[in-house]
Protein chains: 2
Amino acid sequence: MTTVARRRMGVEERKQQLIGVALELFSHRSPDDVSIDEIAAAAGISRPLVYHYFPGKQSLYEAALRRAADDLADRFVEPREGPLGARLLRVMERFFDFVEQHGPGFSALMRGGPAIGSSTATAMVSEVRQAAYEQIVAHLGVGRPPARLELVVRSWVSLAETTALLWLDGRRIPRAELELQLVHDFAALAAVSAAYDEEMAAILLRIVADEPADGAFGDLVDRLTRLGGVRPQP
Amino acid sequence: MTTVARRRMGVEERKQQLIGVALELFSHRSPDDVSIDEIAAAAGISRPLVYHYFPGKQSLYEAALRRAADDLADRFVEPREGPLGARLLRVMERFFDFVEQHGPGFSALMRGGPAIGSSTATAMVSEVRQAAYEQIVAHLGVGRPPARLELVVRSWVSLAETTALLWLDGRRIPRAELELQLVHDFAALAAVSAAYDEEMAAILLRIVADEPADGAFGDLVDRLTRLGGVRPQP
């Protein structure tokens, strides 16, 4: 049965199977440490047959990266309903699901290793960052984002990456805490920008007006207020 | 005279000259767009002679990167005196001096192009990030930083990179504003972390106790307080 099914697998189906097998292996070890032999063995086919579908290790890596990048970009898509804090929190939960699922592959990609530091890989990383940026901006209800808002959103996307990489390195802080913290970081970065710029202040006030007091943003303001002593001595 | 001086230049001196010439060219155009021919011409020597000192384009690029990385790491060194906000602001000023000086080279390196996306380059970037991290931690007067503090400091280092890259892309926001904003971002990220963790709260309160009311941190708190309406509706 298996042999028959295997023989009948079409080109595209076989390619997708190999990509799936590669991604599964990359979720346990860095792509740099996974050989074509292992991918072939895990897929139950010969090494030359893998090369028949993907001319080189790099092309299989890039195809796997393509699928992972599309998957990640999809996770930033969120209905434009309800308070922004809650939306961002759901996005962060899905982002950490992805990071947890692809652990070593994600780390290797973001840190740039020999196998995956190609310009194609770099371009795909930029593309996902751009997709994340555009999704967040769409949620803010701002047509053409001013430079300061663009900075806040792009900064936040890079913060989410850094935080996820550090989380993978030992998982010393529970991911749920980091997901919420990143939502708060967004509010904090926006507030810092708003403190010095009227346009940003107007955008921030509009966002916050829709937030419930018991939501992610309201809780932060309460806690910061209680922290109290944060105010420097006069 | 020039010829005599040139002939007498020692190997190390010549190498340093070529590195300086390369960095000067990379401050105007991406390393990927600068050829060995141009470097040779700018140094006033022949192309084969460049190859005599650096066996390939990559080795000259890496030597230039080495010098730039050391230079950048040095700029994070700051005397441990006075309020933290003022120290961080001086560090950010020197960081932006570096970014301004090395513009296209810095962008290309951080975005990872074909010429400079090598694993050596990646390792040097990590090394500078680590040096920056260690310098900042030393200023916080914390022996072994807890995981949450490590996260705040590493996040902030990545934020400084993202902000600088976005600044280079059109310079739409004055750099002095961004330097101050990054100092505030540090305080904001620490405050978010402190809002949910007692150990971080104790560290933050200790830092802030030394801040003058008219310093970088005090000014932020004043402005945020004035922003007022940020508090969500009950």
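Me: How many helices and how many strands does chain A have?

Reply: Chain A has 11 helices and 0 strands. Helices (H or I, at least four residues) and strands (E, at least two) are DSSP runs, numbered from the N terminus. The model is predicted: local features need pLDDT of at least 70, side-chain atom pairs count only at pLDDT 80 or more, and totals for chains, interfaces and linings use all residues. Residues are numbered from 1 along each chain as its sequence is written, while chains are lettered from A and ligands numbered from 1 in the order in which they are written.

Me: What does the C-alpha trace of chain A span along its principal axes?

Reply: About 75 × 35 × 35 Å.

Me: And what percentage of chain A is buried?

Reply: Of its 234 residues, 38% count as buried. A residue is buried if 20 or more other C-beta atoms lie within 10 Å of its own, exposed if 12 or fewer, and partly exposed in between, with C-beta atoms placed from the backbone.

Me: Of the contacts between residues at least 6 apart in sequence, what share joins residues at least 24 apart in chain A?

Reply: That share is 69%. Two residues are in contact if their C-beta atoms, placed from the backbone, lie within 7 Å.

Me: OK, confidence. What is the average pLDDT of chain A?

Reply: The average is 88, and 91% of the residues score at least 70. pLDDT is the predictor's confidence in each residue, from 0 to 100. The model scores ipTM 0.88 and pTM 0.89.

Me: Where in chain A does pLDDT stay under 50?

Reply: Over residues 229–234 of chain A, for which the model has 17 contacts beyond four places in sequence. Where pLDDT is low, the predicted coordinates should not be read in detail.

Me: Switching to packing. At what angle do α2 and α3 of chain A pack?

Reply: Helix α2 (residues 11–26) and helix α3 (residues 36–43) of chain A pack at about 115°, with their axes 9 Å apart. Axes are lines fitted to C-alpha atoms, for helices over the stretch in contact, and angles run from 0 to 180 degrees between N-to-C directions.

Me: Which residues make the contact?

Reply: α2(A) supplies Q17(A), L18(A), V21(A), A22(A) and L25(A), and α3(A) supplies E38(A), I39(A), A42(A) and A43(A). They divide into 7 nonpolar, 1 polar and 1 charged. Ala, Val, Leu, Ile, Met, Phe, Trp, Tyr, Cys and Pro count as nonpolar, Asp, Glu, Lys and Arg as charged, and the others, Gly among them, as polar.

Me: Where is R171(A), and what is its phi?

Reply: R171(A) is in the loop between α8 (147–168) and α9 (175–196) of chain A. Its phi is positive, about 45°, although R171(A) is not a glycine. Most residues other than glycine have a negative phi.

Me: Why is R171(A) classed as partly exposed?

Reply: Because R171(A) has 13 other C-beta atoms within 10 Å.

Me: What about R171(B)?

Reply: R171(B) also has a positive phi of about 45° without being a glycine. R171(B) sits in the loop between α8 (147–168) and α9 (175–196) of chain B, and counts as partly exposed because it has 13 C-beta neighbours inside 10 Å.

Me: Is α8(B) mostly covered or mostly uncovered?

Reply: Mostly covered, with 16 of its 22 residues buried.

Me: How far apart are the end C-alpha atoms of α8(B)?

Reply: They are 32 Å apart, which agrees with the 32 Å that its 22 residues should span at 1.5 Å a residue. The expected span of a helix is 1.5 Å times one less than its number of residues.

Me: Now A73(B). What does it touch?

Reply: Not counting residues up to four places away in sequence, A73(B) touches V128(B) and A131(B). A73(B) lies in helix α5 (residues 57–75) of chain B. A73(B) and V128(B) are 55 residues apart in sequence and 5.6 Å apart in space, C-alpha to C-alpha.

Me: Which residues does E78(A) touch?

Reply: R87(A), R90(A) and V91(A), again not counting residues up to four places away in sequence. E78(A) is in the loop between α5 (57–75) and α6 (84–111) of chain A.

Me: Last one: where is V137(A), and what is it in contact with?

Reply: V137(A) is in helix α7 (residues 119–139) of chain A. Leaving aside neighbours within four places in sequence, V137(A) is in contact with V142(A), P145(A) and V153(A).
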